[in-house]
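Subject: Structure handover and notes

Dear colleague,

I am passing on the structure that we discussed, together with some notes on what was found in it. Please keep the sequence and the structure open while you read.

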Amino acid sequence: MPVPLYQAKAEFFRTLGHPARIRVLELLQDGPLPVRELLAEIDIEASSLSQQLAVLRRTQLVTATRDGNTVVYALSTPDVSELLRTARGILTDMITDQGLLLEQLRADDADDDRGADAARPSTDRTLLA
């Protein structure tokens, strides 16, 4: 029995659920890179990077080719770059919306503070004398 599409999508997004994998994909957007360059850019142990690259290879998001003793990784399709750009756009919209909401909340707080000041009895000493 084939896997339902929604389940396949969930597995796909789970693959993207690790920061090191996302960083690898971001770095590969500019073109193929050898493992040593990926390692220099990502602050993880070599064994962890190797595990993350293996996951990306298994899911066919990246390809690996050997050039002598060097393994070079590349995105398997330009669609991966498009997916990352789309995710960035969605996140930008979300942050913008949150920023606008934060501005509204701060404006409401400022209005509430001004209203509370007006309702407080005056403690001016000239009025008490």
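Predicted model: local features only at pLDDT ≥ 70, side-chain atom pairs only at ≥ 80, totals over all residues.

A residue is called buried when its relative accessible area is under 20% and exposed when that area is over 50%, with partly exposed covering what lies in between.

Salt bridges

The structure holds 3 salt bridges. In the one between R85 and E82, the N to O distance is 3.1 Å, and because these two residues are 3 residues apart in helix 5, about one helical turn separates them. A second salt bridge joins the side chains of E11 and R14, at 2.5 Å from N to O; both residues belong to helix 1, which covers residues 5–15, and they too stand 3 residues apart, or about one turn of the helix. Of this pair, E11 is partly exposed at 42%, whereas R14 is exposed, with a relative accessible area of 51%. The remaining salt bridge is that of R23 with E26, whose closest N and O atoms are 3.3 Å apart, and here both partners lie in helix 2, again 3 residues apart. R23 is partly exposed at 31%, and E26 is partly exposed at 34%.

In soluble globular proteins, nonpolar side chains tend to be buried together. The largest nonpolar core in this model has 18 residues, and those with the most contacts inside it are V24, L25, L28, L38, V62 and Y73. At least two residues of this core come from each of helix 2 (19–28), helix 4 (46–58), strand 3 (70–75) and helix 5, with helix 2 giving the largest share, namely 4 residues.

Surface patches

Helix 5, which spans residues 78–119, contains D108, and this residue forms a negative surface patch together with D109, D112 and D113. D108 is partly exposed, at 43% relative accessibility. I90 also has its place in helix 5, and along with L91, M94 and I95 it makes a nonpolar surface patch of about 390 Å²; the relative accessible area of I90 is 47%, which means that it is partly exposed.

A contact across the chain

T59 is found in the loop between helix 4 and strand 2 (62–67) and is partly exposed at 33%. Its C-alpha atom is separated by 7.7 Å from that of T15, although the two are 44 residues apart along the chain.

With best wishes

Methods: Residues numbered from 1 in each chain as written. Heavy atoms only, no water. Patch = residues over 30% accessible without salt bridge, like charges linked within 9 Å, V, L, I, M, F, W, Y side chains within 5 Å. Areas by Shrake-Rupley, 256 points an atom, 1.4 Å probe, with all protein chains shown as cover. Salt bridge = Lys/Arg side-chain N within 4 Å of Asp/Glu carboxyl O. Lys, Arg positive; Asp, Glu negative; His and termini not counted. Charge placed at Lys NZ, Arg CZ, Asp CG, Glu CD. Buried < 20%, exposed > 50% of the residue type's maximum accessible area, 1.4 Å probe, protein only. Core = buried A, V, L, I, M, F, W, Y, C linked by side-chain atoms within 4.5 Å.
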